[in-house]
Amino acid sequence: MAKKRHPLLTKISLLSASLLIVSGGAIAGNIPEISQTYPEVSLVFIEMLVTIPSLFVILTVLLSPKLAGKIGYKTSLLVGIGLVLLMGILPVFLRSFQLLLLSRIFFGVGIGLINPLLYSFASQLYRGRELATVIGFQSAFEGIGGMLATLTVGQLMIFGWRTSLLVYGMALPIFVLFLLFVPEIMPPVLATHKLVPEKGKTPRSSETNFTQLVGLLLILVTIYMSLSFKIGSFLQTANLGAGTQASNFLALIGAGAMVAGFFFGKLFTWLGQRIVSLSIAGMAAMLILLAFSNTLWLVYLCGGMTGFFFRLFVPYVFNSVNQVKFNQEKRTAILLITFNLGAALSPIVIGALQAVLPAITNNRLFLFEGILLGCLLGIRLCQKSFLKSWVIVP
């Protein structure tokens, strides 16, 4: 457990590592300048500097707990932070594009080491409602880190795109904090046979319900990410704005997500499992309202609230997995892979959907997504056993 004389510092140090999780996309605004620096390199490969870390996050998250079991959880996570620090700022000094791409690969490996282990630390250092609060805060800190990194890169771009990558120097104080104030933890006890299922709950039903959670997460992530690349065309078609307004919309989604993270603990205490239905219903309502929005303030409201409802669901899923000591690390890794796959494949899935149903363009896409979530909510409410084994009594 955390040292009693530093409980607040332990929590802050643990949460600070979450600031790095979504910082990889902060360099997206550098693509035009990088393209000018390397005119002989295809734009596809230059854009991969933004996307390739996610691929290696997916490949690494399953290996992270295994590595932690061999060299220690704290050491593994510190290695991850160290990779983010080193590979984040190394391109400042690199001139070869191949080495630049390689550094981004190992940057993704670093994030893949950090992400699943943060939940392992949280689940061993905290229990019950406090664990739910910490996981909600982790979600909020991820959003804060992404926004801070993006804003800082934008300011440092004045001095050139290479200089802007110094933003990853923020990993250094995080490394120090984690080293000093977060204690080592032990691997979770793999004693499934000692678990006594609650009445009506069996390992088979648990696996079924977990599979349903994974499927629901994949759908929600795919729909949520579609907002990021479809809102621009929607605003232009509706004569409500262009790039600046789309950026404001995305910023408000992030703000709504952060608010949800900070309030997740309290809402979880009040609502428990009902958060799932609230999240689906809220996202469905906001998407349908967005489809019929004809004023910019209403579009912004829908964006902020969509981010809020989505980020109520995400920490609920991870909290559920970490409250139940059953294949905890494996299930956390599967959820992380699902999240990243949904985010990465969202443009492909939406593009294929529109190819099959060409009528769902612009606002009709959001309307279709809202109706789809409404149908999922109806199925959930009708199926009384849905997620039954994941109820956590407040």
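Predicted model: local features only at pLDDT ≥ 70, side-chain atom pairs only at ≥ 80, totals over all residues.
Student: Why is L49 called buried?

Tutor: Buried means under 20% relative accessible area, exposed over 50%, and partly exposed in between, using a 1.4 Å probe and protein chains only. L49 has 1% relative accessibility, so L49 counts as buried. This residue lies in helix 3 (residues 43-61). L49 and L101 are 52 residues apart in sequence, yet 6.1 Å apart in space, C-alpha to C-alpha. In helix 12, the buried residues include I275, V276 and L290.

Student: Why is N239 called exposed?

Tutor: N239 has a relative accessible area of 70%, so N239 is exposed. N239 is found in the loop between helix 10 (203-237) and helix 11. Its phi is near 55°, a positive value in a residue other than glycine.

Student: Why is L372 called partly exposed?

Tutor: The relative accessible area of L372 is 34%, so L372 is partly exposed. L372 is found in helix 15 (residues 363-382). From L372 to P183 there are 189 residues in sequence and 45 Å in space, C-alpha to C-alpha.

Student: What makes F264 and F268 a stacked pair?

Tutor: Rings of Phe, Tyr and Trp (its six-membered ring) pair if their centres lie within 6.5 Å; planes under 30 degrees apart count as stacked, over 60 as edge-to-face and the rest as tilted. The structure holds 13 aromatic pairs. In one of them, the ring centres of F264 and F268 are 5.7 Å apart and the planes are at 25°, so the pair is stacked. These two are four residues apart in helix 11 (residues 243-271), so about one helical turn separates them. Both F264 and F268 are buried.

Student: Then why is the pair of F308 and F309 called edge-to-face?

Tutor: Their ring centres are 5.5 Å apart and their planes are at 80°, so this pair is edge-to-face. F308 counts as buried at 17% relative accessibility, and F309 is buried with a relative accessible area of 11%. Elsewhere, Y38, F97 and W161 form one aromatic cluster.

Student: How do you know that R104 lies over the face of F107?

Tutor: A charge sits over a ring if NZ of Lys or CZ of Arg is within 6 Å of the ring centre and within 35 degrees of the ring normal. R104 lies over the face of F107 at 4.8 Å from the ring centre. R331 lies over the face of F210, also at 4.8 Å from the ring centre.

Student: How do you know that E130 and K11 meet in a salt bridge?

Tutor: Side chains of opposite charge can pair when their charged atoms come close. A salt bridge is a side-chain nitrogen of Lys or Arg within 4 Å of a carboxyl oxygen of Asp or Glu. For E130 and K11 the N to O distance is 3.0 Å, and their side chains meet in a salt bridge. The pair links distant parts of the chain, with E130 in helix 7 (residues 128-156) and K11 in helix 1 (residues 7-16), 119 residues apart.

Student: How many salt bridges are there by this rule?

Tutor: The count comes to two. R311 and E142 meet in a salt bridge at 3.8 Å, N to O. Both R311 and E142 are buried.

How values were computed:
Residues numbered from 1 in each chain as written. Heavy atoms only, no water.
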